[in-house]
Amino acid sequence: GGIKNLPEFTGLQLFAGNSGKANAFQLSDPTQTYILDPADSTRLADVYAYSCPDDNNRLSREWRTQTSTYFFKHNDFDYPNANTRNVEAIYNSSHRYKSVSDIQEGDIIFVGKEDKVWGVILVTLCYDNDGTANDGYLMNYKIVQ
C-alpha cells in the first residue's frame, strides 16, 4: 500500500485556561474538550490551555500537560501532506518538551507520548478578546492511528 494521509479533525476549539470554558482534551479524543478540574486526579489532561495567574486578561499562548504528553513546534512541516511516515520521522528526530509557548496562528505543533507520536496540530486562529470568556484557539489536528 501507498502512504496514506492522516485523518483530520478540523475546527477544534480550545478555550483559554481562565475562560471558564472547555480548555482541555485527550490526544485520543480531541473533539471532547472539557473544563480542566485540577482537583480531579481521575481525569488528567493530555493537553490544556495554561493561563498566567499574574495576568488574567491576556491569552497565555501556552499549552501544558498533566500526562506524559510532549510538544514541539515545527513550522516548516508540510501539514497538508502529513502522513504516518513523515510525522513519525520528525517526532523521533526532534527535541520534545512538556509545554509549548508563544503559540501563534499558523504554528504547527507535534504531540506525542514518550517515544510515540500521536499527531500534529495546525493552529488556525488565536483569539484574545477583551476579558477572557471567549479567548482561545482554533485548530486542526491530524491523528496517527
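Is aspartate 46 buried or exposed? At 3% relative accessibility, aspartate 46 counts as buried, because the cut-off for that label is under 20%. Keep in mind as you look around that this is a predicted model.

**Salt bridges**

Let's stay with aspartate 46 for a moment. Its partner in a salt bridge is lysine 113, and their closest N and O atoms are 2.9 Å apart. Aspartate 46 belongs to the loop between β3 and β4, while lysine 113 belongs to strand β8; the two residues are 67 apart, so this pair links distant parts of the chain. Lysine 113 has 22% relative accessibility and therefore counts as partly exposed.

The structure holds four salt bridges.

| aspartate 46 | lysine 113 | 2.9 Å |

Aspartate 107 is buried at 5% relative accessibility, whereas lysine 73, at 31%, is partly exposed. In the remaining row, glutamate 62 is buried with a relative accessible area of 14%, and arginine 64 is partly exposed at 27%.

**Aromatic rings**

Now find phenylalanine 72. Phe72, Phe77, Tyr91 and Phe110 form one aromatic cluster, and the structure holds five aromatic pairs. Phenylalanine 72 and tyrosine 91 make a tilted pair, 5.9 Å centre to centre with 35° between the planes. Because phenylalanine 72 lies in strand β6 and tyrosine 91 in helix α1, this pair ties together parts that are 19 residues apart in sequence. Both of these residues, phenylalanine 72 and tyrosine 91, are buried.

Phenylalanine 72 also pairs with phenylalanine 110, this time stacked, at 4.9 Å centre to centre and 10° between the planes. Phenylalanine 110 lies in strand β8, so its pair with phenylalanine 72 in β6 ties together parts 38 residues apart in sequence. Phenylalanine 110 is buried too, as is phenylalanine 72.

Lysine 98 lies over the face of tyrosine 70, 4.2 Å from the ring centre, and the charged end of lysine 142 sits over the ring of tyrosine 79, 4.7 Å from its centre.

**The sheet**

Finally, look for an open sheet of five strands in the order β3-β2-β4-β5-β7, with antiparallel pairing. Its edge strands are β3 and β7, each of which pairs on one side only. Two bridges join β2 to β4, and phenylalanine 25 stands opposite valine 47 in β4.

How values were computed: Residues numbered from 1 in each chain as written. Predicted model: local features only at pLDDT ≥ 70, side-chain atom pairs only at ≥ 80, totals over all residues. Heavy atoms only, no water. Pairing = 2+ DSSP bridges. Helix = DSSP H or I, 4+ residues; strand = E, 2+ residues; numbered from the N terminus. Phe/Tyr/Trp six-rings, centres within 6.5 Å; stacked < 30°, edge-to-face > 60°. Buried < 20%, exposed > 50% of the residue type's maximum accessible area, 1.4 Å probe, protein only. Lys NZ or Arg CZ within 6 Å of the ring centre and 35° of its normal. Salt bridge = Lys/Arg side-chain N within 4 Å of Asp/Glu carboxyl O.
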